[in-house]
Amino acid sequence: MSFNRYDKIADIIEQDFKQVLLLEHLGITFIVNEKTVEEICKENNINPDLYLHFAMLFANKTTSSVPDFNSDDIKCIVKYLQNCHNYYLNERANKIIKYVKQISEETHCTGIRLLDDFVKKYIDEIKKHFAYENEIVFPYMISLANNGNNLANYSVIEYKHHHDNIDDKLADIKGLLIKYLPFDDNNNLRRKLLNCLFDLEHDLKIHTLIEDTVLIPLVEKFEGKPSKYLSKNIKTSHTDTNTDKTLSEREIDVLKLLLAGNPNKEVADKLNISTHTVISHRKNISSKTSIKSLAGLTIYAIQNGIIEVTDFTN
Ligand SMILES: [Fe+2]
Ligand SMILES: [Fe+2]
């Protein structure tokens, strides 16, 4: 699937319904009649190359390069990202919190009750992430785009270095729900919750990709520092050759010590192995369980009898 500026937007949506979110995030009205990408973009003052690049990301298509965007595009991208933040917090996050709360109130499963807490902390984390972007990063970028030079005592390099990946914990929550947490009669609620999580994950991945591979390099160009981001950070896909998902005894020892609050160095000392080996065990544990965060691994470990709830609460 590849799109061009003469495609009708209605046809693109027919092929991939998720594209309606692209319209919403760009502030374009949903009624598109028989209009093409070029016509709708002209009406809404959006660069068609930008629309097509984002549409390709929405369709999970990799593009060979990012088009050469300009200062007006910075403003359009920032508006898109701000609309995304509002959508995530006002719509998706509230629904996720509501479903998890509902599930945790109806269950005696400790793992699910811990998940309630995990989800709330995760949402607080993304709120902080968005607030930093809304209050510091985006106003700086808009000012740079309007004035053509850097008037603030700030650089996008600061943002680039602190731009955390906010997808990992979301993937953990999803993984726990699909693989490890029992739901009794609540399959209906689990489906609704998973639906929300999948939608948020898809959108959030594109969002972060736009920030990292489009916006940051573009602003760096304006600041006069060509981006090394793309060449440094392109991830190559790999096939997971580790088919045995059972944790080894050593991995369980490492996991227990990590969950007891020991940093890598102390785990290494206690097990008489190197820190490098501990890190390697951590990678294997995450790869086998598909869970990266310690909060997610705690729930996994309780569900699988590796630790007792009392170990965790004492
Ligand atoms: Fe963002
Ligand atoms: Fe971000």
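The following exercises, each with a worked solution, concern a predicted model of a protein chain.

Residues are numbered from 1 along each chain as its sequence is written, and chains are lettered from A and ligands numbered from 1 in the order in which they are written. Because the model is predicted, local features need pLDDT of at least 70 and side-chain atom pairs count only at pLDDT 80 or more, while totals for chains, interfaces and linings use all residues.

**Exercise 1. State how many helices and strands the protein chain has, and what share of its residues is buried.**

Solution. Start with the definition: helices (H or I, at least four residues) and strands (E, at least two) are DSSP runs, numbered from the N terminus. By this rule the protein chain has 15 helices and zero strands.

Next, burial. A residue is buried if 20 or more other C-beta atoms lie within 10 Å of its own, exposed if 12 or fewer, and partly exposed in between, with C-beta atoms placed from the backbone. Of the 314 residues, 28% count as buried.

**Exercise 2. Find the average pLDDT of the protein chain and the residues over which pLDDT stays under 50.**

Solution. pLDDT is the predictor's confidence in each residue, from 0 to 100. The average for the protein chain is 84, and 89% of the residues score at least 70.

The stretch under 50 is residues 226-241. For residues 226-241 the model has 14 contacts beyond four places in sequence.

**Exercise 3. Describe helix α9: its span, its bend and its buried residues.**

Solution. First, the span. α9 (187-223) has 37 residues and reaches 51 Å from its first C-alpha to its last, close to the 54 Å expected. The expected span is 1.5 Å times one less than the number of residues.

Second, the bend, which is the angle between axes fitted to the seven residues ending at a residue and the seven starting there. At Glu211, α9 bends by about 30 degrees.

Third, burial. The buried residues of α9 include Leu193, Leu197, Leu200, Ile206, Ile210 and Val214. Asn60 is in the loop between α4 (48-58) and α5 (71-105), and Asn60 is exposed because it has 12 other C-beta atoms within 10 Å.

Last, the end of the helix: α9 is followed by Gly224, whose phi is positive, near 85 degrees.

**Exercise 4. Decide whether Leu181 is buried or exposed, and list what it touches.**

Solution. Leu181 lies in the loop between α8 (168-180) and α9. Leu181 has 20 other C-beta atoms within 10 Å, so it is buried.

Leaving out residues up to four places away in sequence, Leu181 touches Cys109, Gly111, Ile112, Leu115, Leu176 and Gln303. The C-alpha atoms of Leu181 and Ile299 are separated by 8.8 Å, with the two residues 118 apart along the chain.

Now follow Leu115. With the same exclusion, Leu115 touches Val100, Ser104, Ile173, Leu176, Leu181 and Ile299. A nonpolar core is a set of buried Ala, Val, Leu, Ile, Met, Phe, Trp, Tyr and Cys residues joined through C-beta atoms within 7 Å. The largest such core has 73 residues, and Ile77, Leu115 and Met141 touch the most other members.

**Exercise 5. Name the buried residues of α11 and say how they are arranged around its axis.**

Solution. In α11 (residues 249-259), Val254, Leu255 and Leu258 are buried. Seen down the axis of α11, these residues fall within an arc of 100 degrees, so they line one face of the helix. The arc is that of the directions from the helix axis to the C-beta atoms. Among the elements covering the buried residues are α12, α13 and α14.

Note on methods. Contact = placed C-beta atoms within 7 Å.
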